[in-house]
Amino acid sequence: MKRIAGKRGIGAAPIILFLSIAILVVVVAVPVLLIIFNAFWVNGEFNVGDIAKILGEPDTYQALINSLIIASGTTVGSTVVGTFFAWLVTRTDLPHKRLMKGMFLVPFMLPSFIGALAWKMLLSPRAGFINRFFMLHFGFDGPLFNIYSYAGIVMVEIMYLFPFVFIQVCGALERMDPTLEESARISGAGLFTITRKITIPLVAPSILSGALLIMLYSMAHFGTVAMLGIENGIFNIPTLIYQRIHQSAGSFASIRTGTVLATILVVTAAFIIWLQGKILGGGRYQIIAGKSFRPMELKLRGLRFPLLILCVAYIGFTIVLPTAVIFLVGGLKTYGLAFTWENLSLDNYKFVLFDYQLTKDAIWNSVTLGLGAAVITMFAGVMISYVTVKMKVRGKGILEFLGMLPFSVPGSVIALGVILAWSGKYGVNLYNTVWIILVAYIARYMAFSLKANSAALEQVHDSLVEAARACGASMWQALRDIVLPLVRPGMLAAFFLIFLPSLRELTVSIMLYAPTTRTIGVAIYTLNEDGETVMSAAMAGIALILIITGQTLINRFTEKTGG
Amino acid sequence: MDIIRIEGVAKAYGRLQVHRDLTLSIRKGECFTLLGPSGCGKTVLLRLIAGFESLDAGRIYIDDTLVSDPRAGINLSPDSRNLGVVFQDYAVWPHMTVFGNVAYPLKLAGVTPSELNSRVGETIALVGLGGLEKRLPSELSGGQQQRVALARALVAKPSLMLLDEPLTNLDANLREEMRFEIKELQRKLGITVLYVTPDQEIALAISDRMAVMDGQGRIRQTGGPWDIFERPADPFVFNFMGIANFVPVRRQGGDFLVGGGGQRLPWNHPPGGDAPDWVAGFRPSDVVLARGGEGLRGVVRRASFLGAMMDYLIDIDGASLRTSLETHAALADRLMFAEGESCVVGFRNLIWFDARRLGEVAKR
């Protein structure tokens, strides 16, 4: 009788599992744990009373309340706007629906802090173009609208966040089985009753889930509040963390306030994500099938053109106008001059691209950081997803839990966490180098990579790998020849999902930059802070061109490959 | 000689015990079918043999090589077991052409390019896919994809092929055609085939020997298709091999009375035990129907015309049974009954079961 031992060195499975856990621990878990540790432990002692004290301080308390106010306003507003437009482009006979749908998704591409910058130019109380126009020509005594206010911040956030609800509701309405509505109609229900009793309850989970996504995003949102709030003393949690750390150059007290606020953000985010999972969990796909149907369309009759004009006006107001202002101001010789041909030139753009060391560095930093983060996160993500989706190993539960972490850790928390972890306290000092930004980007975008890659891996049926094993392929050979080629689209998607947002990243980089490690977002923000408004606008204009070109290329590419 | 020996195998998933102490051998060169209801663990057994799952206890030998033995810490990985496996969902690699799929095992084995080309070509021709070498799986029908999977499993000339419900996803006509082709290939190449299916027709059609597994993963009977169909070991097997009638019979002295009435069962072979309550098992095709003469008097409760066949539900003193006969025979012999008409029933074949053991059938 022959006997062959089954063990041949260390197999692929334990190595992959170990590496995956190690990456998530080092990149995500350690920074988050350090934050929570620092929030609760003072001088080696567990201390809750101190937390109450910090939260009781007027500034921190106010920041908490502000985060809630802004997030609530943004969530309600975006949900109403998003649901209304989604219904308009899927369920009515609005003219040019497809084009309109595409236009409503454009704000996804526009960084909201650039939008905020544009709105500051348009509606700041004294210098804003619109306010000045009204004061000059209509005899207004004061500004028409002050953008440096809660209402202003909420308005700008709605403009750039509503697509989260819009896209979810559009999807749900398009996939909803029309026979559900038809059978209600046969039973004698009117269109209004059907909408109220059938359609809305069916798409409610999608609306809610989109709304929660916005809540999550807005609670932890830095750019808009930083651009528009600081002037009037409106801080939310992320901007207060930034301001404290920035002003005191990382003093103990500021770090502590930061960690307490960050802990609150993490807990809130985890709660929101848990709630979203609950809402989406139960049997949604039984009523909303995966196929596309031809839904019932409401005849708008006399309202067709007024509503079309409303859509066009909304798009013009929220997309075209701010973009135009950015490019125009970027062309001005000095901020404050009128937009006449004599005052406009391409000089600022040339200067920003070719001569100005600060912006040249920023572009170079953003592009290399983006590429680096995208490549590393793409590979790490495919490996981690492979373990969670495909492997049957002990210890996978830990990884699944760790894999959930990146989804619920907001950018400012990550930034604070990497400061705690990588500024020399534990042997490695990356502070004031690009590397600390790279580490933070990897942590911040790991969620995107995990999502894209696990979606791709779900499509690779287990039997494809087993077939390869039965054909004589080792685990590694099966991974190389079968799994990798099949998840390549998912990996590419992950790459672009990371590379493009990192080009415009602000929240993380603003907390971590040093004079030579500015990114594009930081350059725009600091130039604006320093009063270099035209340079800031020119830089923003170039960023927009970069982002839109990149996005267009990707759309082309994904259309071709059918992804 | 046995090519697979499974000794005392146990396997559980969490608290679900799929197999406990299962023993089975498969002879070299035969086509062996593992037949059982869905969820009975037959696929698990195949995966244990292939090495995709590990045993909790017991031993598996392939070609006299011990491949799995948890007690000795032996668990040979699937790639070193030298098997061909064909999956229910084909598992054809979508990013490779037909040629690429079939060539992959040989590439891994390091076969020279010229030999590789000729062997791949031969195998593709063998499964009837000549001319489609450059196609991608997305350009093939389901049946063609399953042929690619077959070719891929055959190309490395394994001594043993494992087929996991390979025809389930094909349409009825194709299934019938393919099952004969698989049998034909097995005979031509002289390889051993272990075929897993819940479909008793396929099992009967292709097997040299087969095993019937019940819902708890126990093997109820092993034998040739003819044995299993004609001499089922127990009511479960009998029932699983096709529609079956079970009519309750009471022993009264030397007589056997049907249902709740006083009619004697027209059958001359009494059961081999002395229990008071028995069940007579027979297939719808074993019933002889008549308008008069000797036999059990009954009433037609339901008459269904199914085209080529007539299907009747007959009541005899509270016991009901189903029978069917060919429509043209029914017409020729004036056996087209209407509901409510009376009829006379006799039997061609009948199997006795102890009524106390019949409860097991319900667990099917």
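In the predicted model, L34(B) is placed opposite A211(B) of strand β10(B). Strand β3 (residues 31-35) and strand β10 (residues 209-213) of chain B pair in the parallel sense over four bridges, where pairing requires that DSSP find at least two bridges between two strands. Helices (H or I, at least four residues) and strands (E, at least two) are DSSP runs numbered from the N terminus. The open sheet of chain B comprises six strands in the order β7-β8-β9-β3-β10-β11, with mixed pairing. Because β7 (84-86) and β11 (219-223) of chain B each have a single partner strand, they stand at the edges, and one side of each is left without a neighbour in the sheet. Direction ignored, neighbouring strands of this sheet are turned by 15° against each other on average.

In chain A, all twelve residues of helix α5(A) are buried, that is, 20 or more other C-beta atoms, placed from the backbone, lie within 10 Å of the residue's own. Among them are W119(A) and K120(A). Helix α5(A) and helix α24 (residues 520-529) of chain A pack at about 25°, with axes 11 Å apart; axes are lines fitted to C-alpha atoms over the stretch in contact, and angles run from 0 to 180 degrees between N-to-C directions. The two helices, α5(A) and α24(A), are therefore roughly parallel, a term for angles under 35 degrees.

Residues are numbered from 1 along each chain as its sequence is written, and chains are lettered from A and ligands numbered from 1 in the order in which they are written. As the model is predicted, local features need pLDDT of at least 70 and side-chain atom pairs count only at pLDDT 80 or more, whereas totals for chains, interfaces and linings use all residues.

Key: Parallel < 35°, antiparallel > 145°, perpendicular 65-115°, else oblique.
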